[in-house]
Structure formats: structure tokens, C-alpha cells
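Trainee: I have just opened this entry and would like to go through it with you. Could we take it piece by piece?
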Amino acid sequence: MATATATESVPIETAHEDMIHDAQLDYYGKRLATCSSDRTVKVFDVIDGEAQRSGNGHTLKGHTGPVWQVAWAHPKFGHILASCSYDGKVLIWKEQQGQGSATGGWNKVKEHTLHTASVNSVSWAPHELGAILACASSDGKLSVLTFKSSGSANGFATDDGTWGADIFNGHAIGCNAVSWAPAIQPGSLIVPQTQSLPNQPAQPASLSSVKRIASAGCDNLVRIWGYRDDTQSWVEEETLEGHTDWVRDVAWAPNIGLPRSYIATASQDKTVLIWTKDSPTSPWVKTALDPSSTITSPTSTVPLPAGKFPDVVWRVSWSLAGNLLAVSCGDGKVTLWKENLKGVWECIRMYNGFVRPSLRHIFRRSYSMSLPYATEKQVAVAAVRRACQVTSAVFNKLVKNETLTKGDKSPVTVGDYAAQAVISTILNRAFPLDPIVGEEDATDLREESGHGLRDRIIELANEALVGELGSGDSTEWGIGPGQQQTTEQLLDAIDRGNHAGGPTGRMWTIDPIDGTKGFLRGEQYAVCLSLIVDAQVQIGVIGCPNLPFDSLQPGLGRGVIFVAVKGQGAEQITLEGGNSHTLKISNIPATDINFLESVEAAHSSHSFNDRVSSLLNITRSPIRMDSQAKYGCLARGEGAAYLRMPTGVGYREKIWDHAPGQILVEEAGGVITDSRGQPLDFGLGRTLGENFGVVAAGKDVHALVLAAVQKASQEERAKA
């Protein structure tokens, strides 16, 4: 393989106030557009390969969230720029010559708002197809915008045109990128005419343009879609399977009419795959780029494993001729690849840091568009999903003598230990420096008397760990076929939950089975996981295997995972990771308030809750269930408030019992405090310290309930 030559980058000052996510030069390389987490898009003139900052360029404001990507339309349509954002919108901008508006001559001509989550990628179709824009979103959908001009040769020259929009399901748990196929049919340069229908003349190849896109998803797949004129709809034509983690980018190579087609894909699994198709009827064949002989790990001089890049690969981009491929990696380097005459892909050049402006036609971008804690969220969901598999298997195989008793009199099953072993193993592989605050330890299991129980735990934990990879899973987390752990490794994983907690640093909390009595009854329980950073909960994941996905539609089945990330909202998904639904606590009139509370009176004072209900004139019966499933039901509108008042004065709440629920309620638009109105303090160790009781509700209801709680507390103190 050829030796890659390293080249230094030339920095460009943009005056953005936050991280830049994309930088795109227009068709002629005369304009540079950038976008940033500061919610703006900036446009600069490029002269002699340098961006000119006269007047700091043009600043386009319209998005209300980080802007992930920008895309230039072909110049035949005018100066047109599209941008997509975390706010779920796609904006299309047009430069109006000679206007002095606040956006420096740029006006917003279209606002696309059909998506319900972050729009991660936009891509203009080949100009032969017209002014058409494809969009990919975290809501799992793809959309295609088509400008319909009114008889003008220049698609954007008139103002009386309209936009058409097609939107359809793409990838179940999110779409990351989209790319258009060349408009020219493969092989049309060699075979100038296409086959026609019987009794009809052959059609010139130039008339046989097709609308086709490729999409990359969080399901580790690449899907190819084609537009059917007869049904006026987009249909899935092929699925490309080869990556073992999220596919971050996809790029379809330009084609001048040669038979072979190329697609490049970049993935979280640190690989780049080149997919080739020798004819329209042949299958796609994949080849992995191998940087092992030319690139070394940034932390070691040892060559990389074959087929692996040093870090996550974020972007791939073809040259205009389709014979050079640029690869952008998380280590800050961009490599340039070319296929030699033997069909082997060679790394011919390496760029350190940012991309040289002189290579304006080759590279699209080299920045990550991932949200904060995106990887942590992905790992947490995978860990909880597998732990739910363990607990379900334990319930179905439960043997009475597989139950121990802890000092606090709550039953502990083999599921507690096996689920904690699974979650801790995954967290340790993904984040080996992060401590864990767990509920269980392996002391009893290490005793000789516990060998029967210990063997069953090891068996069940390994069954979950070696299961087939699901949506978003990665073998690097210690899961998948062949990932068995030894007895000692799994016992150590359980003991890893002995962290004392505290006010600083990162830590995970695990409650492997919250609501053990509900679990043993076959009712509600939860597998709970949270990430706390400097005493603030950042991620909460609650798995509820027995909870209906929709209580009003039992036919949708049981099994829900609630997910919340600070500043990014709350959602529920199926146990398999699909059917994402955003959660928002709705306003409930005071006359319709009802409580969510524990089944066990020993966990929360039912008599106190009854007095609060009386003070509020509540007539609806409470909804009683075990575990943090109550937080999930509150977040999706089943119940107006969650009230938990301890039965004993000296009881201190454990942080793992409330951290995931707290972030879920807050991200769904609710409020959670203790009974005194104080925020829950997760920086005091393994408990909430002096926080007494928990009151969680929607913003409008919380103040009413809290006032009634405090009045009832005063009455109790007066009686004492």
C-alpha cells in the first residue's frame, strides 16, 4: 500500500461563538458556508483559496438549536443554501442581489417543519433532477422537498412556485445521513440507449434519469430508496448490512455513465466500507478500507487492527469525478483514498486537523454533529435492554430457593445480581474510568453456600451478554456472540457498584430490579440506570418489561424503555429500540388530579397521601404500582402527581431510586422536589441526605400538591 503523506491544515477564522459542525464550499469554490452550535449559519467569499472576513461575512439567523449541516444547491438555481438543525427544522436560504436586509441579502424562502426531532443531514439532488432536497432526521424519517416552478427554466427565478414534500419511515431509531445517487443511469456511457417497453421506441440514456437516495441509520444499516412514478412514492429497494454500530455517514459517488457504482459508508464501529455494484442487476459487494499500514493509533505507535481507524469515523466525501474519497475521523485527521489498478484502495494523503481550502471540491466536513452524551445514552439504553432480557428470563424460570433476604427486608432475586452484572460489565467496557453506585454486592455469592445461586447468575448474565447485536449495539461494549465472561469477572462486575458517591465527577447509578415485590408478583418493576456528573443527573434510562407501551392500546404490547438526557427531552421506545415517542407532561385541571403511589404501604404512607387528597378535594382513586415505572407513567400523562412520603422519620432515600426518574420528569416538562420544596441533592453520597419525601408533578400541579403536602405535614407535627 502506498505511504500516506501528511499535510498541515490552514485555519479559517469564522467568528462563530461555539463549535462548528459543518463547512461547505459552493460549486465553484467561491463561497464558504459554515454552521455552528451558536445556532447561526455564516457565508464568506473565498478569494485565492482564503475566506474573506470583510464585515465578518453574512450571518443567517433562523434556527433555535445547533445547526448540524449546510448544503449548496447547484448554481443553475441561483445562490441557494439549505441548513438543518437540532430544532427539527430545515431552512432554505436564497441570496437576493442588491438587498440590504439584516441577513446581508440572504432571505429565508422555505421553512420545512414536518420532522419531530433533530434533522441531521440535508442533500441536494443532482441538478438534472431539479431543485430537490433530501433530509434525514432522528425521528426515524426521511423527507424529500421538491420545488415546483411555474414554467421557468431557472427553478428559483420565479416566486410563484410551490414546494412539495414527501416524508416516509427510514430507520426505526434515527437517520443520520442521506446521499443522492447520480442522475445518470450506470452504464449509459457505454450503452447509449435503454431498453424500452414492447412496441415502443428505445429511449436515449439521457432521458432515463432516476431518483434514488441512500440513507444511513442508527440501526447499523444503509438503505437504498427509489422513487416510483407510477405510485408517486418512495420505496425501499435494497438494504446494505455490514457495520456493527451506527452508520454515521453515507456518500454515493458521482458517475459519468460507467457501469460500476460506488457507495462509501462511515460508522461508529471505526470502519469505512466501500460498496460496489458492477451492473444494475448485480448485488452490492463491500470492501473495508484498511488504514492499519499507514495510520497509527494516536495513543500508540502500534499499527491499528486491520480494517479499523483510530477513532469513530464521522464523514466520507467523494471528489467531483468520483475517483477520490476523503475520510474524516474522530482523531482530527482526514485521509484521502484512491483505488489502484488492482482494485485495492490505498491511502495516498493525510491531513492533520482541518481541511485545506484548496481541496474545496473533495471534502464536505470534518466535524462531529453528535449531541452531548450521545454515546453514553446509546450505551445506557443497550445495557438496560439486555438487563431487561435477564430479568424477564429469571421470572420465567424462577425457582423459589433462588431468593435471598437483605437486611432491609426487601427480597432480592437472582435477577438483581445477574442484571447488575450485565449492566456493570457493559459500562466498564465502554467507560472504564467511570465509578458505579450500585445496590448489590457479591459478598454472599462468594460464599460456598451460595454456589448454586452463583452458577445460575453467571449462566443468565452470560446468556444476555452473548446475545445477537441489536439496534445500536457495539461489540466494543463486551456484548455479542463470543463475549462470555468468567465467574470471577462477573462477580467483580457486581462488586464494582461499591462507589460511595459524592459531589464531583462522573458516576453511574444502578438499580437492577426496582420494585422486587412487583417483579415477584409479575406486575410492575423497573431496571434503572442514570449518569450523574458533578451532582447533576445527565441521563436517565428506565426499563419496564411489564408496562404496556400504550395503556389505551393494549394491543401494542408490553415493554417500554424511558430515556431522558438533560437538555434533550424525554422519550419512550420499545424494548427493541423502535417506535420512539416524545414525552411531554400535559396540563391537568385541579379537578382531575390523581396520585401515583407505591403499592406497599411500608414504602410510602398511604394515610398521609389520603389526607393530601382530602385537602385538594381529589375524588379519583390513586394509581398504585411498584418501582420507578411511576415516573414513566407520570411523564407520559398517566397520573397527575407522584407522591412518596416515607413512613419512618430516619429513612433516607437512595440516589438510585430517584436519579433516573428525576431527569425523566424534568425533561418531560415537570417539576420534582422533596416535601419541603427543595431540589433533590445527588451529591451527598449514596443517599439524598436530608431530602425528605418526593413530590413530582407537572408545573401547574406541583405547586398545588406541594402546598397540600406541607399543610398535612404541619397537621401531623401538631398532633405529635
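**Helices, sheets and single residues**

Mentor: In helix H2, the residues Tyr 417, Gln 420, Ala 421, Ser 424 and Thr 425 meet Leu 490, Ala 493 and Ile 494 in helix H5. Please keep in mind that this is a predicted model.

Trainee: At what angle do H2 and H5 pack?

Mentor: Helix H2, residues 414–430, and helix H5, residues 487–495, pack at about 90 degrees, and their axes are 8 Å apart. That makes H2 roughly perpendicular to H5.

Trainee: Now the sheets. In what order do the seven strands of the open sheet come?

Mentor: The order is E31-E32-E33-E34-E35-E36-E37, and the pairing is mixed. Strand E31 (436–438) and strand E37 (581–583) stand at the edges with a single partner strand each, so one side of each has no neighbour in the sheet. On average, neighbouring strands of this sheet are turned by 20 degrees against each other, direction ignored.

Trainee: How many bridges join E34 to E35?

Mentor: Seven bridges join strand E34 (residues 536–548) to strand E35 (residues 558–565), and the two run antiparallel. Within this pair, Ile 539 has Val 565 in E35 as its bridge partner.

Trainee: Which strands does H2 touch when it packs on that sheet?

Mentor: H2 touches E31, strand E32 (506–514) and strand E33 (526–533), and its direction makes about 155 degrees with that of E32. Another helix, H9 (residues 659–667), lies across E32, E33, E34, E35, E36 and E37, running at about 95 degrees to E34.

Trainee: What else does H9 lie across?

Mentor: H9 also lies across E41 and strand E42 (694–698), at about 145 degrees to E41. Those strands belong to an open sheet of five strands, in the order E39-E38-E40-E42-E41, with mixed pairing. At its edges stand strand E39 (623–624) and strand E41 (670–673), each with a single partner strand, so one side of each is left without a neighbour in the sheet.

Trainee: Do E38 and E39 run parallel or antiparallel?

Mentor: Strand E38 (residues 595–597) and E39 run parallel, joined by two bridges. Leu 596 stands opposite Ile 623 in E39. Helix H7 (residues 606–615) packs on this sheet and touches E38, E39 and strand E40 (641–644); the direction of H7 makes about 175 degrees with that of E38.

Trainee: Back to E36 for a moment. Is Glu 571 buried or exposed?

Mentor: Glu 571 lies in strand E36, residues 569–574. Glu 571 counts as buried because its relative accessibility is 17%, and the cut-off for buried is under 20%.

Trainee: Which side chain does Glu 571 join through a polar contact?

Mentor: The side chains of Glu 571 and Ser 580 are joined by a polar contact of 2.5 Å. Leaving aside neighbours within four places in sequence, the residues in contact with Glu 571 include Lys 377, Phe 562 and His 581.

Trainee: A change of topic, then. How many disulfides does the count come to?

Mentor: The count comes to zero disulfides.

Trainee: I would like to see a hairpin. How many residues lie between E12 and E13?

Mentor: E12 and E13 form a hairpin with three residues between them, and Gly 140 in the turn has a positive phi of about 85 degrees. Strand E12 (residues 132–137) and strand E13 (residues 141–148) pair in the antiparallel sense over five bridges. Ile 132 has Thr 146 as its bridge partner in E13.

Trainee: And which strand do eight bridges join to E13?

Mentor: That is strand E14 (residues 162–169), which runs antiparallel to E13. In E14, Thr 162 is the bridge partner of Lys 148.

Notes. Residues numbered from 1 in each chain as written. Predicted model: local features only at pLDDT ≥ 70, side-chain atom pairs only at ≥ 80, totals over all residues. Heavy atoms only, no water. Helix = DSSP H or I, 4+ residues; strand = E, 2+ residues; numbered from the N terminus. Buried < 20%, exposed > 50% of the residue type's maximum accessible area, 1.4 Å probe, protein only. Polar contact = N/O pair within 3.5 Å; in protein donor to acceptor, adjacent residues only side chain to side chain. Contact = heavy atoms within 4.5 Å. Disulfide = S-S within 2.5 Å. Axes fitted to C-alpha atoms, helices over the stretch in contact; angles between N-to-C directions. Parallel < 35°, antiparallel > 145°, perpendicular 65-115°, else oblique. Pairing = 2+ DSSP bridges.
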